[in-house]
Amino acid sequence: YVLMMSAFQTLNKEGGALWLLYTFPVSIDQALRQKAQLWAVLALLYPVILFGAALAWLPAWSWQTAGLMLLALAGIPLYSMIAVALGVFASDPLATEATAKIRPTYMYLYLLLTGLYLTALAAGSVVQQLVFVVLTVALALALWQKARDELPYLLDPAASPPATVSAADGLIAAMLFFTLQTLALILLKDTAGATLAQVLIAFGAAGALTYVLVRLVYWRSRTAGVPHIGPGRQPWRLGAAAALLAALVGIAYLAIVQACGWPAARAPLAAGAGWDAAWLAGLALLAAPLCEEFIFRGLLQGGLRRSLPAWQAIAIGAAFFAIVHPPVSMLPVFVLGLCAGAAYERSGSLLAPMLAHAGYNAAILAFQLHA
């Protein structure tokens with residue numbers, strides 16, 4: 001509430017005196033950064049006092065409670081940066097009517113992002129919580145960079161360039177997708193645990209809703225460079241080559257893990273028969289390639305590609321793709337991300353990385369089920 005009514009409103013409160021920021025001996029970026037730091041410190045006062053009192057009254061020390069408190073405290077400076085960055089796009093301090101000074105869409109987006117963070121802390125495992133913090137850090141930096149690009153146009157919004165796909169879009173979509181998936185699983189699974197059918201339904205529903213929301217936002221803002229599944233440049237050939245290379249690395253990795261006796265992630269299926277095999281195939285060969293490639297290659301890598309060389313955008317996209325998977329599979333999944341990213345860069349179509357992803361999953365499942 002403090003950040004929403006303060007940091008988010010930073011530019012809006014400047015009003016007609018906004019032009020004075022351009023005359024100060026510090027850049028607007030630095031001035032906004034100082035404002036974000038100020039509101040982060042003020043917003044931290046209440047939870048620090050509250051958490052300190054709670055820890056003092058606990059009958060016994062709880063590492064789990066202390067860890068959740070630290071994660072909550074870490075989110076406050078991050079969301080202070082996010083609030084100021086979104087406030088750059090949400091505020092029109094030169095507007096004469098009070099109702100026109102704030103664009104409500106960005107206010108709802110900020111509330112959504114804070115809600116996703118709280119949901120991840122409450123519903124996720126320790127690994128999921130840490131991954132979400134990493135995604136939030138990256139999102140704060142990406143939004144800040146996007147806001148810096150907008151600062152020269154604050155006094156003349158009509159001169160700003162048209163909306164384009166950015167890395168922040170991919171990170172927001174990833175956070176929304178995995179949070180919706182977690183919530184759907186909580187609603188669907190029973191006391192015995194989640195079945196493959198429930199995992200597929202949760203995964204597909206979260207991916208479909210994320211896709212619809214992203215496309216709706218892009219349609220309303222007339223965003224340029226939206227990723228598509230089109231003919232491209234030899235997507236079938238590039239997708240097959242990427243799948244083959246990633247599958248060879250993945251199978252070699254699993255063989256080494258099994259030879260060394262290390263615990264390895266196995267397919268969630270003891271025998272590839274019956275409805276379980278159909279649900280698993282739908283998840284690995286259809287839902288995962290469609291949903292994850294749109295987010296990580298189309299949005300995240302595509303957004304990074306606007307300001308970074310191809311190899312850097314591919315590597316960063318692959319790294320984020322890997323960290324949202326179980327730790328034991330991060331290395332081969334990172335290689336898959338590199339191969340799928342290269343296929344997307346060469347083909348210009350999402351069909352190539354989707355084929356690479358599906359082919360890799362098919363090869364790994366076949367190896368695990370028959371090894």
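These legends walk through close-up views of helix packing in a predicted model. Local features here need pLDDT of at least 70, side-chain atom pairs count only at pLDDT 80 or more, and totals for chains, interfaces and linings use all residues. Residues are numbered from 1 along each chain as its sequence is written, and side-chain values use heavy atoms, leaving out hydrogens and water.

**View 1. Helix α4 (residues 104-123) packs with helix α6 (residues 167-188).** Their axes (lines fitted to C-alpha atoms over the stretch in contact, with angles from 0 to 180 degrees between N-to-C directions) are 10 Å apart at an angle of about 50°.

**View 2. Residues of α4 meet residues of α6.** Contact means heavy atoms within 4.5 Å. Among the α4 residues are L109, L112 and T119, and the α6 residues include I172, M175 and I186. By class, this contact has 10 nonpolar, 3 polar and no charged residues; Asp, Glu, Lys and Arg count as charged, Ala, Val, Leu, Ile, Met, Phe, Trp, Tyr, Cys and Pro as nonpolar, and the others as polar.

**View 3. α6 also packs with helix α7 (residues 196-221).** Here the angle is about 145° and the axes are 8 Å apart. Look for A173 and F177 of α6 and F203 and Y218 of α7, which are among the residues making the contact.

**View 4. D169 sits in helix α6.** D169 is buried (under 20% relative accessible area), with a value of 17%. Its side chain makes a polar contact (a pair of N or O atoms within 3.5 Å, one able to donate a hydrogen and the other to accept it) with the side chain of Y218, at 2.9 Å.

Conventions. Helices (H or I, at least four residues) and strands (E, at least two) are DSSP runs, numbered from the N terminus. Buried means under 20% relative accessible area, exposed over 50%, partly exposed in between (1.4 Å probe, protein chains only).
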